[in-house]
Amino acid sequence: FYHQRDVLMEMLPKFGITVVWGKAYEADDLIYSLSKRVVKKKDTAIILSSDKDFHQLITKNTWVESPRFEATLKPHNFTHYVPEYTPETCVDYLCLDGDKSDNIPGVPSMGPATVGKFLAKYGSVVDFLKQKDDSSFGKITKVSLEAIWARNKKLIDLELFNKNYLQDGSFHIPIVKRGRFDWVGISKYVNEYDINTFTDPTFIAPFKKLKR
């Protein structure tokens with residue numbers, strides 16, 4: 001993986017793609033910060049990913065281009081593709097159901113259907129915890145749920161990470177590599193790694209149009 005990462009960091013600028021890298025941060029945290037910078041400039045941030053974590057960032061100014069659904073996920077069409085939750089309830093849903101891709105366990109005895117019923121009834125975990133009586137949801141009590149929710153929220157909620165660790169709402173990113181389309185440079189990787197896709201005119205055409 002580390003060898004591939006270094007190769008990618010050298011190769012992508014040859015396509016005109018800017019490489020952003022920070023050793024101390026995970027990619028999703030960098031993407032969160034960069035998307036906020038784009039929106040602050042009154043532009044639209046488009047995140048290309050099938051990662052469910054980015055669903056929480058979807059607003060009228062932040063969209064997710066999903067290879068999984070072959071669609072651009074926006075507020076008005078989101079539930080058509082992801083009926084289980086909304087961008088607003090995404091964090092709570094993932095905290096309760098867990099996220100297997102990141103090895104984050106959810107609340108025992110709560111699966112997708114149960115989590116859906118829970119959110120339909122209470123709206124959010126916070127609203128459930130605000131109940132004045134000793135409310136429970138099946139076998140799930142406030143005490144047991146709050147502990148798991150608080151732990152998972154620290155791992156899943158990108159905005160919470162931002163508030164806890166960043167003073168000005170953005171990262172200091174040590175490495176930013178910009179480039180321009182360079183066919184000679186790309187040819188090196190075609191020959192070295194036998195990546196014939198790069199020679200397909202249809203594949204290459206969009207990169208030639210990138211402006212920097």
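Colleague: Before I dig in, what should I know about the numbering and the pLDDT limits?
Modeller: Residues are numbered from 1 along each chain as its sequence is written. The model is predicted, so local features need pLDDT of at least 70 and side-chain atom pairs count only at 80 or more, while totals for chains, interfaces and linings use all residues, and side-chain values use heavy atoms, with hydrogens and water left out.

Colleague: OK, what does the secondary structure come to?
Modeller: There are 10 helices and nine strands. Those are DSSP runs, H or I of at least four residues for helices and E of at least two for strands, numbered from the N terminus.

Colleague: And what share of the residues is buried?
Modeller: 38% of the 212 residues. Buried means under 20% relative accessible area, exposed means over 50%, and partly exposed is in between, with a 1.4 Å probe and protein chains only.

Colleague: Which residues of helix α1 are buried?
Modeller: Val7, Met9 and Met11, in a helix that covers residues 2-11.

Colleague: What do they pack against?
Modeller: The buried residues of α1 pack against β1 (19-21), β9 (175-177) and α9 (183-193). A contact here is heavy atoms within 4.5 Å.

Colleague: Switching to Ser35, where is it?
Modeller: In helix α2, residues 27-40. Ser35 counts as buried because its relative accessibility is 5%. Leaving out residues up to four places away in sequence, Ser35 touches Ala45, Ile47 and Leu57.

Colleague: How much space lies in the largest pocket?
Modeller: About 1600 Å³. Of the 33 residues lining that pocket, Ile17, Thr18, Val20, Ile31 and Leu34 are the closest to its centre. A pocket is an open set of points on a 1 Å grid over the protein atoms alone, where a 1.4 Å probe fits, with protein on both sides within 12 Å along at least five of seven lines; lining residues have an atom within 4 Å of a point. The volume is the space filled by probe spheres set on the points, which are joined across faces, edges and corners.

Colleague: Which element gives the most to the lining?
Modeller: α2, with seven residues. α1, β1, α2 and β2 (45-48) each supply at least two.
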